[in-house]
Amino acid sequence: MKIVIYAAILLLLVPIHTTMLPHVSVLGVAPDVGLVIAVLIGLMEGELEGLLVGLAIGWLLSMYSAGDLWLSLVTKGGAGVLAGILGRQVAQVTPTVLCIGLGIVSLAGGMVTALTMKAGGLEDVWWNMRTIVLPQACLDAALGAALFWLANRRTVMDRFRVAERF
């Protein structure tokens, strides 16, 4: 059943990314839905599924963008693994904790992307960081926290209720 859900997510991700996100962007910056989904799956299902879904999302989104293939693979797959590892270590995940963690992961991925771009100089990298990377990290964090809050309200996730048992 999970494979069907993951395949449906992958099939719907590209149309959503290409058609809907430009209309919901804030000041020309749209959230990275692929990164948010990879982190949420890694957090809820573990690091292996986060890695595999993140790699698939990175590969799929790279097919429809002009960016480097390996960069999207590494950032989204790495985000899924990191979320899975952190999900095991944190006693109770709340939307606030997820918001902070997702913001840091998105900021790190955006910094890697900005630093690997063939920009004119340090001023261009700083401009990219200030106008794209930082707002996108905030949007990713808010979207991830909202989706986690909705998922937490709808489903019982025993993995995150460790603190209530002790």
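This is a predicted model: local features need pLDDT of at least 70, side-chain atom pairs count only at pLDDT 80 or more; totals for chains, interfaces and linings use all residues.

Trainee: How many helices and strands does the chain have?
Mentor: There are 7 helices and 0 strands. Along the sequence the pattern reads α-α-α-α-α-α-α.

Trainee: What radius of gyration does the chain have, against a compact globule?
Mentor: The chain has 16 Å. A compact globule of 166 residues would come out near 15 Å, so the two agree. The C-alpha atoms fill a box of roughly 55 × 30 × 30 Å along the principal axes.

Trainee: And contacts, how many join residues at least 24 apart?
Mentor: Counting contacts between residues at least 6 apart in sequence, 72% do.

Trainee: Where do the charges sit on average, how far apart?
Mentor: There are 10 positive and 10 negative charges, and their mean positions are 7 Å apart.

Trainee: Now helix α4. What span should it have?
Mentor: Helix α4 covers residues 69-89, which is 21 residues, so at 1.5 Å a residue it should span 30 Å. Its end C-alpha atoms are 31 Å apart, which agrees.

Trainee: Which residues of α4 are buried?
Mentor: Among them are Gly77, Gly80, Gly84 and Gly87, along with Ala79 and Ala83. Lys76 is also one of the buried residues.

Trainee: What do those pack against?
Mentor: The buried residues of α4 pack against α2 (33-45), α3 (47-63) and α5 (95-116).

How values were computed:
Residues are numbered from 1 along each chain as its sequence is written. Side-chain values use heavy atoms; hydrogens and water are left out. Helices (H or I, at least four residues) and strands (E, at least two) are DSSP runs, numbered from the N terminus. The radius of gyration is taken over C-alpha atoms; the globule rule is 2.2 Å times the number of residues to the power 0.38. Contact means heavy atoms within 4.5 Å. Lys and Arg count as positive and Asp and Glu as negative; His and the chain ends are not counted. The place of a charge is taken as NZ of Lys, CZ of Arg, CG of Asp or CD of Glu. The expected span of a helix is 1.5 Å times one less than its number of residues. Buried means under 20% relative accessible area, exposed over 50%, partly exposed in between (1.4 Å probe, protein chains only).
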